[in-house]
Every structure is written in C-alpha cells, then in structure tokens.
Amino acid sequence: MTAACAGMAGASLLSYPNENAVALAEDLLRLTPGQGERRVWFGHSGSDANDCAMRVVQAATGRSRFISFIGSYHGNLSGSMSVSGHTAMTHTLPRAGVVLLPYPDPYRSRFSAEQVLALLDYQFATTCPPQQVAAIFIEPLMSDGGLIVPPPRFLAAIQERCRRHGIQVIVDEVKVGLARSGKLHCFEHEGLEPDLVVFGKGLGGGLPLSAVIGPRDIMDHAPAFALQTTAGNPVATAAGRAVLRTIVGEELIERANRVGGMLSSGLRALSARQPMIGEVRGRGLAVGVDLVSDRESREPAPVTTAAKVIYRAYQLGAVFFYVGLRGNVLELTPPLTIAQAEVEEGVAIIDQAMTDVGRGLVSDADVAPFMMW
C-alpha cells in the first residue's frame, strides 16, 4: 500500500496496466473456480460491478431478460437496482422483462423450494421463454433479504435449469464472499459453478474496489464497454492484494467458521430469556437474528423494534444494521479478525439492548430519525 501510494505513476488503467491490478486479477482467477479462459473487470463497488455484469451479459448474449429473486439487493445504480427485488427499492421499477422469483425461507415457508422451481418451470413454459433470458442473479446467502440460508440443493437445481437453456449464472458474492461464510466463496456451500462472479465490499479492505470475473467471450464483448477512469488503480488494487494475502495467511476462512459458530451459539443462548428472538441463522460471520412478535406464529416484529435494539446497542458500543423484507432481522457481519472476547462482549451488548428495549427505555421518537426502511 505504501509503495503504491508513493510510486503511483497514474490512477487509471485506460492508458496502461499497473502491476497491482494485473497481480490482483491473477490472484482472483487463481482463487476462484471457473472453466475456460476468463477475464477480470475492476470497479469501485458492488453496485457498479453488478451493473457491469448485467450490461455485458445482455450485450454479449443478445438476450434481454433476467431472473432475480424477491428480497435480493444487487446495488444502487440504475442497472443493478433494476434487477433487485427488495421492498426498500419499490421506488424504482424493475427493468422490463425481469422475472422475480420468491427466495424460499425455511423459517417462514410461504414458498417451498419445490414450489419456486415449479414456478420457474411454468414461467419458462409460458410467459418467459428461456431463450430470451440472458442470466440469473443469485445470492448464495440472501443478505439484505434477511440473511436467509437457501434450502439444500435449491440453488443447484436452479443452476441446472439455467445450464439446460444456456442462461448465464451470475453469483453476487459482494457481501458474503471472501471467507465471510466460512468458505472462501459462499457459493461453494451450494455446489454452484457460476459463469460470472461479482466481488465488492471486503475486497478493498475499506477502499473502493469491486471485480467481476467471467468468460472471455462475454467479458471481451466490445472495447471500452465499461470504462471507469480510476477503476483498477494501483492503490485500491494493492489493498485488494493485501486482503487476499491476509485471508490466506491468517487463515480467516477457518476463523470465520469457528468464531462465527461462537457468535451464533451465543445468540441462540439468548433466546432462552429474550422472547423477541425467533431464529438465529447464517453462515460463518454473516449472521441474522430474526425478531418476532410471537414465536408460535413467527410474526415478524415491527421494524421499530429492530431499530430500537440497534439504537440501544449503538449506545452500549456495538454497531450493526437491520435487513429483511419487513426490516425485522438484525444483520451481524463483524470483521473477520474479531476476537472471541469481542464476540462475547457483542452478545452481551445485544442481550442488554434487547432487555432495555423490552423495558421501554427506547422510544419511537428516539429512533425515528434513523429509520432505513
């Protein structure tokens, strides 16, 4: 990083490559499973990376339609937003022709995996001919939709249908990839073999950096197809290289699995005295706490309840967010380097925050300025 800052001859890949960008691309190709000759594109965030993936796949395949899931979040640019399906994004219409499928939630089984697969088959047989579909966007762990772990083999069955019809499989690893799930790639839990993989967030270690890996015949569709002046600059890509070295060198994959298990176990133990906890779920250090008004009916708690727990926890020294279609799921994605003592402290803070909220110590007025959706 220091060398990159001190000796940066330029901040762009437009004129000539730089060593850090080339080396990071090679590292990503080496660490990410895939077939045939592939290419790497660099951007600044998951939003622009998913946007790039969507546009280039459409252009290269000549197909205009996409499949995504209700509850998905793929970014906040016009393209990546148009293939998202979150309730927080109803202010922007989905792109024309997109098919939004339910993402089966084992805790609230309104739609089973079998029902969703049958719905997809019906779409293909009726209003969405598969030869019109360029790609499907998949989150191997639906993060903003509520940290939902898909039913076993569901995503593999989706992939099999896409393979049958020449539909590209785009896996969004932006939030849950790069060791967070207890595997280097979250899609490895599901047995997926994606055509394109999208990275962001943790890849830059706090600096703006994203990447798309995909087949050469798609990624090289046209010159200057997705140019960004400072994308792939030496400083950000040096940070990306350092992130990958740290993940491997400090065994953060195993650590996320082990420490994440401690976090989940600690949170599940709280349910004995915190009736608002309906379920604790996730993988590794991507953990969701589903808050309910009633455990028997599994009715989601009001979003204000989640906001109050977060507000009180912030006062006590912990920072996290709420997600889910109803805003009732606490999202815990701590640093991969978090220590066991810090996990224990965090669980204690959440316990106290829930107790204080139950006692009415946080009002609606306290959280009103901070509501997200």
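1. A224 sits in the loop between α7 (216–219) and α8 (234–249); helices (H or I, at least four residues) and strands (E, at least two) are DSSP runs, numbered from the N terminus. The phi of A224 is near 55°, a positive value in a residue other than glycine. A224 is exposed, with a relative accessible area of 57%. Here buried means under 20% relative accessible area, exposed over 50%, and partly exposed in between (1.4 Å probe, protein chains only).

2. On the basis of the note: this is a predicted model, in which local features need pLDDT of at least 70 and side-chain atom pairs count only at pLDDT 80 or more, while totals for chains, interfaces and linings use all residues. Residues are numbered from 1 along each chain as its sequence is written, and side-chain values use heavy atoms, with hydrogens and water left out.

3. K201 also has a positive phi in a residue other than glycine, near 40°. K201 belongs to the loop between β6 (196–199) and β7 (210–215). With a relative accessible area of 51%, K201 is exposed.

4. Helix α8 has 16 residues, which at 1.5 Å a residue should span 22 Å; its end C-alpha atoms are 22 Å apart, in agreement. The expected span is 1.5 Å times one less than the number of residues in the helix. The buried residues of α8 are P234, V235, A236, T237, A238, A239, G240, V243, L244 and I247. Their cover includes α1 (2–6), α2, β1 and α9 (252–270), where contact means heavy atoms within 4.5 Å.

5. Helix α10 (residues 303–316) passes the same kind of check: its 14 residues should span 20 Å at 1.5 Å a residue, and its end C-alpha atoms are 20 Å apart, which agrees. Within α10, T305, A306, A307, K308, V309, I310 and A313 are buried. Among the elements that cover these buried residues are β9 (286–294), β11 (321–323), β12 (329–332), α11 (340–358) and α12 (364–367). Just after α10, G317 takes a positive phi of about 115°.

6. The largest pocket has a volume of about 720 Å³. On a 1 Å grid over the protein atoms alone, a pocket is an open set of points with protein on both sides within 12 Å along at least five of seven lines, a cavity is a set of points where a 1.4 Å probe fits but cannot get out, and lining residues have an atom within 4 Å of a point. Grid points are joined across faces, edges and corners, and a volume is the space filled by probe spheres set on the points. Of the 25 residues that line the largest pocket, L13, V40, W41, F42 and L227 are the closest to its centre. At least two lining residues come from each of α2 (19–31), β1 (38–43) and α3 (46–61); β1 gives the largest share, five residues.

7. By class, the lining of the largest pocket holds 20 nonpolar, two polar and three charged residues. Ala, Val, Leu, Ile, Met, Phe, Trp, Tyr, Cys and Pro count as nonpolar, Asp, Glu, Lys and Arg as charged, and the others, Gly among them, as polar.

8. The count of cavities of 30 Å³ or more comes to one, and the largest cavity has a volume of about 30 Å³. Its lining is formed by T32, P33, G34, Q35, R38, P194, D195, V197 and I213, which divide into four nonpolar, three polar and two charged residues.

9. The whole structure contains zero disulfides, a disulfide being a pair of cysteine sulfur atoms within 2.5 Å. For C162, the nearest cysteine sulfur, that of C128, is 10 Å away. The sulfur of C186 is 18 Å from the closest cysteine sulfur, in C162, too far for a bond. C162 is buried at a relative accessible area of 0%, and C186 is likewise buried at 0%.

10. D144 lies in the loop between β4 (133–138) and α6 (154–164) and has a relative accessible area of 13%. Leaving aside neighbours within four places in sequence, D144 is in contact with G71, Y73, H86, K175, V323, G324 and W373. L192, in the loop between β5 (168–172) and β6, is buried at 6% relative accessibility. Not counting residues up to four places away in sequence, L192 touches I138, L155, A156, Q159, V171 and F187.
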